[in-house]
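Reader: Hi! Could you walk me through this structure, piece by piece?
Author: Happy to, let's have a look together.

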Amino acid sequence: MEKALSKPSDLSFFQRFRRIFTPIAIVYLVLLFGQQAGLEPGRIIREIIDNPVIIIQQVITGLANAAIITIIAMGYTMVYGIVENINFAHSSVFMHGTFVALLTMSIFAQGATVVPLWVALFAFIPAMLYCGLLNGLVERYVYRSLRKSARIVALIAGLGTDFMLQNIGLKIGDLGLIPNIDRTATGVKFLRILGLQSASPKSFPAVQEFFAGPGVPINLLELIDKNATLRITAADVMVIATALIAVFTLNWFVRNTRSGKAMRAVAQNPAAAAMMGIDVDRIINLTYIIGGALAGAAAVMFGVYNGTTSSQIGSTTGLNSFTAAVLGGVGNLQGAALGAIFIGLLSSISDQFISSRWTTAWVFLTLVLVMIFKPTGLLGSEGGEKA
Amino acid sequence: MSILELNNVHTFYGNIHALKGITINVNEGEIVTLIGSNGAGKTTTLRTIQGLLKPREGSIKLKGEEISKIPAHEVVKRGVSQSPEGRLTFPRMTVKENLEMGAFQRSDKEGIAADMEKVFGLFPRLKERISQRAGTMSGGEQQMLAMGRALMANPKVLLLDEPSMGLAPILVDLIFDIIRELHRQKTTILLVEQNARLALGVADRGYVLETGEIVLKGDAKDLLTSPEVKAAYLGERGH
């Protein structure tokens with residue numbers, strides 16, 4: 001059916017007309033009304049010519065955000081690939097991870113506002129362990145017994161779990177006391193790190209920069225503008241490097257390890273996987289644990305990069321990541337990365353050049369358009385590689 | 001010697017009483033076939049043996065050991081593997097990866113490599129397609145792959161569910177030649193088939209299943225000539 005439709009000779013005049021006219025109409029409408037939402041091509045081109053360094057800067061910012069979104073999106077997409085369930089609790093697991101990362105880094109910081117890089121790297125361990133365990137528990141005690149029910153039941157249960165975890169996060173938000181071992185004074189003093197108000201944003205200690213000064217001067221840019229400096233922070237480098245390591249490790253794991261192959265087998269045919277002697281329940285649980293651990297890694301990246309968290313942070317970041325997964329083709333790991341890069345770049349470019357108030361609208365307009373013209377997502381298709 | 005024994009096995013799908021006290025035994029090196037029409041409970045029997053369905057009553061013994069209470073992945077380890085109805089190959093894995101999945105519960109590298117060569121000996125076509133994705137192969141090739149994959153578990157009992165289903169006659173002949181070859185190599189097989197004539201042709205003994213109950217059993221030769229079987233399953237009256 002689809003093949004027949006894609007052959008132009010089989011289409012009626014009206015169908016052919018519509019096929020050409022629809023995209024033109026959409027481009028026209030976007031240009032017409034886009035101005036209201038900050039899309040002014042003339043001004044944007046002028047701004048880019050005036051200061052080309054800014055666009056490079058925004059691309060770096062966009063890629064760093066994409067790195068965080070990718071890691072969370074992979075958690076959504078892996079779980080979907082194996083049990084065809086959207087884990088709505090995933091964003092709250094991520095939010096809990098930011099608190100674990102904050103606590104860990106604060107314990108090492110002991111009140112200082114800047115910590116060395118190794119502290120941020122160390123924070124990956126507790127955050128990933130905690131989130132992996134939490135997501136594994138959610139699978140075991142929420143989703144497992146619902147696996148044979150209608151899909152909507154698991155979905156609603158996931159939403160309920162999400163709210164529950166969000167409120168626990170709100171509670172964690174006003175705990176906020178860690179022991180501060182003051183070696184000079186007698187005894188132990190307590191340090192408030194999370195703030196008095198449970199819902200208010202909490203600040204992360206910053207990560208020490210590699211280089212002192214305002215940024216890394218790059219000679220090439222001096223040809224364009226003598227004053228231009230490109231600022232690449234330690235957080236940029238850490239976030240992008242972590243994402244690359246995570247993506248390659250996960251890909252290697254899924255292709256080469258015994259458990260990874262079992263995950264692919266369960267994703268492709270759970271009944272046959274059981275007949276091969278694969279413990280399907282254990283593999284599904286492992287998938288949630290790995291997805292959770294990824295959310296934990298993303299939580300550290302998010303904290304280091306954005307320097308703040310709150311119990312609300314899961315919903316916006318989670319929504320962006322979920323959108324990235326859908327945009328790329330849910331169930332497809334490479335698709336998640338592609339969707340994330342797209343959203344990250346579009347957001348940072350829109351924030352700078354279009355209108356930051358309308359960024360979310362632009363992101364979702366793109367999603368709607370992709371869904372209309374390619375409902376399976378950018379890389380999603382029957383032949384695509386799942387988990 | 002009896003290698004697989006089902007004694008008074010009752011299996012339910014929810015409230016549906018699918019198997020109503022089945023008693024079957026399979027001896028070492030034998031091909032035993034289970035014939036019957038659609039919905040008689042043939043696939044249910046295999047799924048129950050495999051541990052994918054739990055019997056509510058009765059016992060299933062493999063070499064004298066009870067296996068009806070252990071999980072499916074353990075049953076494979078004990079030596080029961082199957083080529084399922086509809087083949088169920090892993091579509092986005094290559095032929096080689098599919099075969100490796102068949103040996104999932106094994107850790108003897110040399111044994112696995114030797115068995116893979118054996119499978120390629122039985123199905124040279126699979127060797128030609130070693131790096132092709134299973135989902136892109138023909139039905140006959142996928143059937144060969146499903147059987148090869150089940151053999152990779154080095155089973156004590158091989159369960160074959162409808163190996164002829166949906167295949168062209170020439171491929172059906174090929175698959176049944178392989179089943180005869182496996183028989184010569186002393187593989188113990190429990191074969192489920194709708195094509196009763198073909199199944200009874202290769203089997204030593206047979207059971208006839210009707211709505212969850214064994215209604216007839218005996219030597220395959222005798223069943224082939226029995227008037228009830230002839231009338232109901234060999235199409236010598238009516239269709």
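**The sheet in chain B**

Author: This is a predicted model. In chain B, 4 strands form an open sheet with antiparallel pairing, in the order E2-E1-E4-E5.

Reader: Nice. Why is one side of E2 and of E5 left without a neighbour in the sheet?
Author: Strand E2 (16–27) and strand E5 (65–66) of chain B are at the edges and have a single partner strand each, so one side of each has no neighbour in the sheet.

Reader: And over how many bridges do E1 and E2 pair?
Author: Strand E1 (residues 2–13) of chain B pairs with E2(B) over 9 bridges, in the antiparallel sense. For one bridge, look at B:Leu6, whose partner in E2(B) is B:Ile24.

Reader: Which strands does H1 of chain B touch?
Author: Helix H1 (residues 42–50) of chain B packs on the sheet and touches E1, E2 and strand E4 (57–62) of that chain. The direction of H1 makes about 70° with that of E2(B).

Reader: Zooming out, what domains is chain B divided into?
Author: Domain 1 (1–79 + 155–239) and domain 2 (88–154). Taken over C-alpha atoms, the centres of these two domains of chain B are 23 Å apart.

Reader: What does B:Asp115 touch, not counting residues up to four places away in sequence?
Author: B:Asp115 touches B:Ala103, B:Leu151, B:Met152 and B:Asn154. As for B:Leu88, it is 27 residues from B:Asp115 in sequence and 21 Å away in space, C-alpha to C-alpha.

Reader: OK, chain A now. How many helices and strands?
Author: Chain A has 15 helices and 6 strands. Of its 387 residues, 42% are buried. Taking contacts in chain A between residues at least 6 apart in sequence, 76% join residues at least 24 apart.

Reader: And which residues have the most contacts inside the largest nonpolar core?
Author: They are A:Val266, A:Ala298 and A:Met301, in a core of 162 residues. Helix H12 (residues 280–306) of chain A gives the largest share of this core, 18 residues. The core also draws at least three residues from each of domain 1 and domain 2 of chain B.

Reader: What is A:Val266 in contact with, beyond its neighbours in sequence?
Author: Leaving aside neighbours within four places, A:Val266 contacts A:Ile82, A:Ala273, A:Ile278, A:Val280, A:Ile283 and A:Ile284.

Reader: Last one: how many residues does each chain give to the A and B contact?
Author: Chain B gives 18 residues and chain A gives 16 residues. Helix H2 (72–78) and helix H3 (95–102) of chain B are the elements giving two or more residues to the chain B side. H2(B) has the largest share of that side, 4 residues. By class, the chain B side has 11 nonpolar, 5 polar and 2 charged residues.

How values were computed
Residues are numbered from 1 along each chain as its sequence is written. Chains are lettered from A and ligands numbered from 1 in the order in which they are written. This is a predicted model: local features need pLDDT of at least 70, side-chain atom pairs count only at pLDDT 80 or more; totals for chains, interfaces and linings use all residues. Two residues are in contact if their C-beta atoms, placed from the backbone, lie within 7 Å. Ala, Val, Leu, Ile, Met, Phe, Trp, Tyr, Cys and Pro count as nonpolar, Asp, Glu, Lys and Arg as charged, and the others, Gly among them, as polar. A residue is buried if 20 or more other C-beta atoms lie within 10 Å of its own, exposed if 12 or fewer, and partly exposed in between; C-beta atoms are placed from the backbone. A nonpolar core is a set of buried Ala, Val, Leu, Ile, Met, Phe, Trp, Tyr and Cys residues joined through C-beta atoms within 7 Å. Domain bounds come from an automatic or database domain assignment. Two strands pair if DSSP finds at least two bridges between them. Axes are lines fitted to C-alpha atoms, for helices over the stretch in contact, and angles run from 0 to 180 degrees between N-to-C directions.
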